[in-house]
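Take a look at the chain below before reading on. This report goes through selected features, one group at a time.

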Amino acid sequence: MAEEEGPPVELRQRKKPKSSEKESAKEEKINDIPIPERAPKHVLFQRFAKIFIGCLAAVTSGMMYALYLSAYHERKFWFSNRQELEREITFQGDSAIYYSYYKDMLKAPSFERGVYELTHNNKTVSLKTINAVQQMSLYPELIASVLYQATGSNEIIEPVYFYIGIVFGLQGIYVTALFVTSWLMSGTWLAGMLTVAWFIINRVDTTRIEYSIPLRENWALPYFACQVAALTGYLKSNLNTYGERFCYLLMSASTYTFMMMWEYSHYLLFLQAISLFLLDIFSLEQSDKVYEVYKIYIFSLFLGYLLQFENPALLVSPLLSLVAALMLAKCLQLNVKKGSFVAKIIKVINFYLVCTLTITLNIIMKMFVPHKENGHMLKFLEVKFGLNMTNLKYVWIPYVCMLAAFGVCSPELWMTLFKWLQLRTVHPILLALILSMVVPTIIGLSLWKEFFPRLMTELMELQEFYDPDTVELMTWIKRQAPVAAVFAGSPQLMGAIKLCTGWMVTSLPLYNDDDLLKRNENNYQIYSKRSAEDIYKILTSYKANYLIVEDAICNEVGTMRGCRVNDLLDIANGHMVCEEGDKLTYSKYRFCHEVKINYSPYVNYFTRVYWNRSYFVYKINTVISFQS
C-alpha cells in the first residue's frame with residue numbers, strides 16, 4: 001500500500017515547488033514592470049485648463065459666427081421690418097423652391113399627408129408628377145417642419161425665422177468643427193482660432209450662406225465638417241477607448257446625415273476615400289481603423305439607398321465601387337514584413353488591383369442597375385465644386401484655412417523645417433515650441449487689427465433689398481390670375497412664383513433632371529430669335545396660360561460679348577455665327593423685343609395683361625385670330 005501511494009505523493013510534492021517557482025517568476029516580472037507614476041496635480045490642472053479653454057473657444061467661435069450671420073442678414077434685408085411677401089422674395093432661384101416646400105409641409109394637415117403630397121407632387125410643374133423629396137433632397141425641410149411643430153415653436157417664432165435660424169446654427173457648428181479639427185491636428189487651440197479667423201475673412205470663398213440660405217450645401221457641409229473632425233480624432237494613435245468609440249459613433253452619424261442632406265455628397269466622400277487609401281498604401285495610418293471607415297461608407301450608402309426611395313445614383317456611385325474594391329483587395333492581401341522589398345512590390349500590385357477593380361465594378365453596376373446617365377453631371381460637378389476657378393471654392397477653402405493654421409501652429413512642422421535647414425545655433429525643440437505660439441499670435445493680432453473694424457462696419461452699415469416691381473408682380477398674380485393658371489418664364493422667376501403665390505409653373509431652377517433641363521432650355525427661347533409661332537407651340541405644349549418676359553434678361557448688358565443669355569441662345573440656335581475676323585452676324589428679330597410692340601403676328605398669339613418697369617405679362621391666347 002505504501003508503494004502504491006508513493007507516486008501520487010511524489011507528484012504532489014513535485015507540483016508544489018513548480019507552481020511556487022512560476023508564482024515567484026510572475027512576481028519578479030511584475031516587480032520589473034515600472035509602475036506609472038501619477039501626474040502631479042499642477043500638470044493635471046494645466047491639461048484640464050487647456051482643454052476647457054479650447055472647448056470654450058470652439059463653442060464661442062461657433063456661436064459668435066452664427067450671431068454674426070443673423071445680424072448681417074437682418075442688416076442686409078431689413079428682414080424684421082418686411083412683410084411676408086417681401087421676405088420670401090429674398091429667396092432667389094432654387095432657394096425659393098426649397099423654402100416653398102417647407103411652407104407646404106407646415107400647411108399640411110399632418111406630417112404623413114405632407115410627405116405624401118411631396119412624394120406625389122403634381123401641383124408644381126405642369127404635366128409632370130414628381131417625387132420632390134427624392135429629386136430635390138428635401139430632408140432638411142422635412143426635419144425643420146417636424147421640429148417647428150414638435151417643439152411648439154409655432155407659438156413663439158415665425159416659420160421663416162425658425163428655418164433660417166437652423167441654417168445659421170449649422171454654420172456655427174461648421175466653424176466649431178473646423179476649429180476642433182485644426183486643434184486635433186496641431187495640438188493647440190490657437191490653430192483653431194486662426195482657422196476661424198481665416199474662414200470668416202475669406203467667407204466670400206468659403207460659403208454661399210450670404211447669397212442663398214436654403215441651398216443644400218449650407219445644410220450638408222456642417223455635417224461633413226463634423227465627420228472630418230471625428231475622422232481626425234479617430235485616426236489618432238494615442239486615443240483612449242472611450243474617445244475612439246465616441247469618434248466612431250459621431251463619424252457614423254455625420255457621414256450618414258451628410259449623405260442624406262446633399263445629393264452630391266457621395267462624390268465628396270469618394271475623394272475622401274481615395275485620400276484614406278493613399279494614406280494606407282504609404283502606411284501613414286492604421287489599416288484596421290481605415291477599413292472601419294470603409295465599413296461606415298458602405299453602411300451609409302445602403303441605408304441611404306433604402307431611405308432615399310431606392311436611389312440608383314448611390315448604387316452606381318464611384319464611392320461604392322471603390323470601397324468594394326478595397327474590401328476585396330483586403331481579403332487577398334498577404335501578410336509580409338513591413339519595409340521589405342516584397343512588401344513594396346505587394347503595395348504596388350495592391351494599388352493596381354484596387355484601381356482595376358473599382359473601374360470594373362462601376363461598369364458592372366451601371367450595366368445591371370437601371371439609372372439615368374446624365375452626360376452633364378461631370379461638368380456640373382466641376383462647376384459645383386469650383387474645380388475650374390481660381391476663387392467662389394466653398395468646399396475646399398475652409399480646409400485650406402485649416403491646413404494653413406495647422407502649418408503655422410504645429411511644433412512638429414517647425415521641427416521638420418529646422419531639421420531640413422540643419423539649424424544648430426538654437427535648440428530646435430525649444431525654438432519650435434516658441435514659434436508655434438508666437439507666430440500665430442502675431443498673425444491673429446494683425447488680422448484683428450486689419451479686419452475686425454471691417455466686420456463691425458458691415459454690421460453697422462444699413463443696406464436695403466428694394467424690389468417693388470417683383471412685389472407688384474406677385475401681388476397681381478395672387479389677385480388677378482386664375483388659381484389653375486400655369487406660368488412660363490425664366491426658371492429663376494418661376495421658383496419665386498411657386499414660393500410667393502403657389503401657382504403652377506412650366507419649369508424649375510433645377511439641373512439634375514433631363515426633363516427639367518429640356519424645359520428650362522425651351523422656356524428660355526422667349527429671349528431667342530424664334531418666331532411667335534415657334535414660341536407659342538413651345539409654351540402651349542406645357543399647357544402654359546401666361547408668359548412673363550423679364551426686361552433685365554431681354555436687354556441684358558454683359559461685360560463679355562457672347563456670354564449673355566441672349567448670346568448663348570443665339571449660338572445654340574444657329575442664329576449667331578462666327579465669320580472671318582471673328583465678327584458676329586445676327587438674325588434680325590428677337591422675340592422678347594418684338595412681342596412688346598404689339599403688332600401682328602405677335603398680338604395674334606399673345607395679349608399683354610400687365611406690365612411694370614421690369615416685367616411684361618402676356619396671356620397666351622387659346623383662340624388665335626390673325627389680323628390683317
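The sections below cover aromatic rings, charges over rings, annotated segments, helix packing, backbone geometry and contacts along the chain. Keep in mind that this is a predicted model.

## Aromatic rings

A pair of aromatic rings is described by the distance of the centres and the angle of the planes. This structure holds 31 aromatic pairs. Take Tyr 99 and Tyr 102 as one example: their ring centres are 5.5 Å apart and their planes make an angle of 40 degrees, so the pair is tilted. The cut-offs explain that word, because planes under 30 degrees apart count as stacked and those over 60 as edge-to-face.

Where do Tyr 99 and Tyr 102 sit in the chain? Both belong to helix H4, which spans residues 94–107. They are three residues apart, so about one helical turn separates them.

Tyr 536, Phe 591, Tyr 599, Tyr 602, Tyr 605 and Phe 606 are linked by ring pairs into a cluster.

## Charges over rings

Two lysines deserve a look here. Lys 330 has its charged end over the ring of Tyr 291, at 4.7 Å from the ring centre. Lys 498 has its charged end over the ring of Tyr 101, and here the distance to the centre is 5.1 Å.

## Annotated transmembrane regions

The UniProt record, an unreviewed entry, carries the annotation "transmembrane region" for several stretches, including residues 51–72, 183–201 and 348–369. Such an annotation may be inferred rather than shown by experiment.

What does the model show over two of these stretches? Residues 183–201 are 89% helix and 0% strand. The end C-alpha atoms of that stretch are 19 Å apart. Residues 348–369 are 95% helix, again with 0% strand. Here the end C-alpha atoms are 31 Å apart.

## How helices pack

Start with helix H8, residues 159–186. It packs with H4 at an angle of about 125 degrees, and the two axes are 11 Å apart. That angle makes H4 oblique to H8. The crossing of H4 past H8 is right-handed.

Helix H7, residues 139–150, also packs with H8. The angle is about 125 degrees and the axes are 10 Å apart. That makes H7 oblique to H8. H7 passes H8 in a right-handed crossing.

Now turn to helix H13, residues 265–281, and helix H17, residues 341–368. Their axes come within 11 Å and cross at roughly 160 degrees. Are H13 and H17 roughly parallel or roughly antiparallel? They are roughly antiparallel, because angles over 145 degrees count that way. H13 passes H17 in a right-handed crossing.

## Backbone geometry to note

Most residues other than glycine have a negative phi, and most peptide bonds are trans.

Trp 78 is not a glycine, yet its phi is positive, near 50 degrees. This residue is found in the loop between helix H2 (41–77) and helix H3 (84–89). Its relative accessible area is 35%, so Trp 78 is partly exposed.

Lys 543 also has a positive phi, about 60 degrees, and is not a glycine. Its loop runs between helix H25 (532–541) and strand S3 (546–550). Is Lys 543 buried or exposed? With a relative accessible area of 53%, Lys 543 is exposed. The reason is the cut-off: exposed means over 50%.

Ser 600 and Pro 601 are joined by a cis peptide bond, with omega about 10 degrees. Pro 601 is in the loop between helix H28 (591–594) and helix H29 (602–605).

## Separated in sequence

Finally, look at two pairs of residues along the chain. Ile 434 lies in helix H21, residues 428–460. Its relative accessibility is 39%, so Ile 434 counts as partly exposed. Cys 409 is 25 residues from Ile 434 along the chain, and their C-alpha atoms are separated by 10.0 Å.

Val 623 is found in the segment after strand S7 (615–620). Val 623 is exposed, with a relative accessible area of 68%. How far is Val 623 from Asn 604 in space? The C-alpha atoms are 8.7 Å apart, while the two residues are 19 apart in sequence.

Note on methods
Residues numbered from 1 in each chain as written. Predicted model: local features only at pLDDT ≥ 70, side-chain atom pairs only at ≥ 80, totals over all residues. Heavy atoms only, no water. Phe/Tyr/Trp six-rings, centres within 6.5 Å; stacked < 30°, edge-to-face > 60°. Helix = DSSP H or I, 4+ residues; strand = E, 2+ residues; numbered from the N terminus. Lys NZ or Arg CZ within 6 Å of the ring centre and 35° of its normal. Axes fitted to C-alpha atoms, helices over the stretch in contact; angles between N-to-C directions. Parallel < 35°, antiparallel > 145°, perpendicular 65-115°, else oblique. Left-handed = near helix turned anticlockwise from the far one by under 90°. Buried < 20%, exposed > 50% of the residue type's maximum accessible area, 1.4 Å probe, protein only.
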